[in-house]
Amino acid sequence: ELQKPFVRMASEETSKSIFEEEAESIVKSPTADTDNNTTNTTDKKAESTLIKSSETQPEIVDTEEEEEKKEELKLDESTITPTDDNKNSEEYPTNSLNDAKAKYLKNKYREQHKYEGGASPRASEKGQGKGKGKSRRKSKTQAIIEQLGQKVDQVVDDMKQQILPQIQNTGDKLLHATDDAMKSLSQSTGIKFAPVNIPLKRRRQTFAVVIWSCGYIAAFILNFIAFRYWTGWKFYLYLLYLAWKLMYQTFHKDGGLPIPWFRNAIFFKWFCDYFPIRLHKLYDLDDTGETSYLFGYHPHGIIGMGAVGTFAMMASGFHKLFPGVDVRLLTLRLNFYIPFFDLLITFLGLCDASRESCNAILADQDEHKSLCLVLGGAKESLEANPGVVKLYLKRRKGFVKVALENGATLVPVFGFGENELFDQVDNPQGSLVRKIQNQLQSRLGFAFPLFHGRGIFQYDYGMLPKRRPIDVVFGKPVPCPKMTKETITPEIIDKYHVVYCNELKNLFDQEKGKYYGEDEKLPEMLFI
């Protein structure tokens with residue numbers, strides 16, 4: 001019975017020290033493993049001493065021993081309390097109670113510091129690690145790409161240095177061999193063949209002239225295909241186009257339907273650069289657009305390439321030379337009866353060469369249009385021979401009357417080099433060839449000159465014009481007063497006709513020395 005109170009006191013002291021340790025450890029940092037080990041050993045010693053004393057002295061217990069034990073227990077409790085020096089180095093032993101303490105303190109620390117800096121330290125470290133990883137991966141891929149690019153450039157440079165010279169040498173050898181073969185063929189056959197190594201610029205120009213020269217043939221082939229092979233809606237659309245053309249198309253006699261961008265197309269620039277066609281003016285014209293002009297182009301030549309390139313294709317530079325003049329080129333009415341081909345020449349601004357069409361163009365007081373007539377006509381094409389200038393102008397006076405009726409200004413224009421584009425079969429007056437040509441011209445309205453030019457790959461035979469410059473020179477304007485039909489007399493017409501012919505002859509005599517070669521005989525102009 002006396003032993004029980006002491007045992008209770010010892011158990012109370014030990015239990016009190018454990019709870020105090022828990023309270024202090026919640027506030028302070030965890031203690032070291034060594035201190036915990038000492039507390040456990042002291043508790044066991046105190047219990048063993050109490051049991052031994054109870055066994056040896058079951059009846060009488062000395063009060064002094066009790067006091068000493070109490071002091072020892074107090075000392076042990078003081079050693080259990082952690083000091084400031086070993087707060088950070090203190091660790092728990094591996095048991096369930098200490099593990100629970102460590103988890104509790106760890107969770108409490110996380111709850112207290114989880115919102116500091118916007119994110120937990122571990123998350124920020126992870127984000128930094130991810131960013132660093134991405135940057136490292138990017139830098140690695142960029143480095144690999146740069147290395148590959150350098151390798152490819154090096155390979156390409158090596159190929160250029162090694163293979164390209166070989167290809168160029170073999171190509172040059174083939175070109176020289178081909179040129180030698182063509183020269184030998186030219187010597188044996190007497191035909192001058194075109195060289196193989198020709199710049200692409202000249203090829204484009206030849207292509208444009210070939211397409212233009214084959215315009216009639218292409219139109220006839222297209223109409224044959226449409227009439228023979230088109231079926232369904234395509235054929236009905238073709239028939240509708242023909243019906244509209246026959247009944248309602250009046251562009252060719254109402255002032256034309258030119259499309260500016262079409263007239264300035266690069267294709268027509270190639271056409272003009274083939275010869276080339278060069279424009280020269282000796283006198284200035286009214287650039288305000290208030291004056292109507294009637295340009296007379298000479299000579300007609302075989303086809304009139306200079307007139308088409310100057311007054312229909314604005315790529316020749318006509319608008320730059322005379323910016324305020326809106327001109328229409330006039331041609332045979334028969335050209336407007338060919339489906340598809342009529343659209344081409346209509347969009348270039350060509351009109352019908354009739355009195356009705358001339359009056360419609362020049363009588364437009366709102367826009368003050370101008371026109372160009374190739375005055376020699378189709379009959380003059382039979383006189384188109386190199387070194388000879390024969391103009392059918394002596395009896396042609398209708399253009400003067402048109403100019404007087406509309407108050408237009410006459411401007412003589414001569415194309416040096418027009419007659420030299422083709423070579424014509426000899427057809428002097430009185431020959432059988434000339435008689436047949438005159439009969440066809442009188443019945444059909446156009447002539448059939450027998451001519452030849454050059455080909456695509458040789459220069460002696462073909463239907464293409466020769467590469468000869470066409471220098472179009474604009475002479476002195478001849479103003480005509482506006483008069484009514486009743487007041488216009490033959491004497492007035494003859495007066496302005498003589499003035500026009502004199503200005504044209506002065507232009508030719510003054511400029512012919514510039515545009516004919518030194519070895520060429522300067523021709524004389526004859527009016528027939």
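## Pro-299 and the other cis proline

Pro-299 sits in the loop between β2 (293–298) and α11 (305–311); helices here are DSSP runs of H or I with at least four residues, strands are runs of E with at least two, and both are numbered from the N terminus. The peptide bond that joins His-298 to Pro-299 is cis, with omega at about -10°. A cis bond also links Phe-275 and Pro-276, where omega is about -5°. For Pro-276, the place is the loop between α10 (266–274) and β1 (277–281).

Before going further, some housekeeping: this is a predicted model, so local features need pLDDT of at least 70 and side-chain atom pairs count only at pLDDT 80 or more, while totals for chains, interfaces and linings use all residues. Residues are numbered from 1 along each chain as its sequence is written, and side-chain values use heavy atoms, with hydrogens and water left out.

## The chain as a whole

The protein chain comes to 18 helices and twelve strands. Of its 528 residues, 37% count as buried, meaning under 20% relative accessible area; exposed means over 50%, and partly exposed is in between (1.4 Å probe, protein chains only).

Now for contacts, which are heavy atoms within 4.5 Å. Among those between residues at least 6 apart in sequence, 77% join residues at least 24 apart. The accessible surface of the chain is about 32,000 Å², and 58% of that belongs to carbon and sulfur atoms. Areas like this come from the Shrake-Rupley method with a 1.4 Å probe; for residues, only the protein chains shown count as cover.

Phe-340 isn't a glycine, yet its phi is positive, near 75°. You'll find Phe-340 in the loop between β3 (327–331) and α13 (341–347). Phe-340 counts as partly exposed because its relative accessible area is 25%.

His-368 also has a positive phi without being a glycine, this time about 55°. Look for His-368 in the loop between α14 (355–362) and β5 (370–374). With a relative accessible area of 14%, His-368 is buried.

## Salt bridges

Side chains of opposite charge can pair when their charged atoms come close. A salt bridge here is a side-chain nitrogen of Lys or Arg within 4 Å of a carboxyl oxygen of Asp or Glu, and the structure holds 15 of them. One of them pairs Lys-281 with Asp-284, at 3.1 Å from N to O. Lys-281 is partly exposed at 34% relative accessibility, whereas Asp-284 is exposed at 60%.

Lys-369 bridges to Asp-364, with the closest N and O atoms 2.5 Å apart. Lys-369 also meets Glu-367 in a salt bridge, at 2.9 Å from N to O. Lys-369 counts as buried because its relative accessibility is 8%, while Glu-367 is partly exposed at 48%.

## A buried histidine

His-252 lies in the loop between α8 (233–247) and α9 (260–263). At 10% relative accessibility, His-252 is buried. So what does His-252 touch, not counting residues up to four places away in sequence? The list is Phe-336, Cys-351, Asp-352 and Ser-357.

## Surface patches

Patches are made of residues with over 30% relative accessible area and no salt bridge; like charges are joined within 9 Å, and nonpolar side chains (Val, Leu, Ile, Met, Phe, Trp, Tyr) within 5 Å. The nonpolar patch is formed by Tyr-216, Ile-217, Phe-220, Ile-221, Phe-224, Ile-225 and Tyr-229, with about 750 Å² of accessible area together. Ile-217 is part of helix α7 (residues 215–229), and its 52% relative accessible area is why Ile-217 counts as exposed.

The positive patch gathers Lys-379, Lys-394, Arg-395 and Arg-396 on the surface. For charges, Lys and Arg count as positive and Asp and Glu as negative, with His and the chain ends not counted; the place of a charge is taken as NZ of Lys, CZ of Arg, CG of Asp or CD of Glu. Arg-396 is in the loop between β6 (389–391) and α16 (398–406), and counts as partly exposed at 32% relative accessibility.
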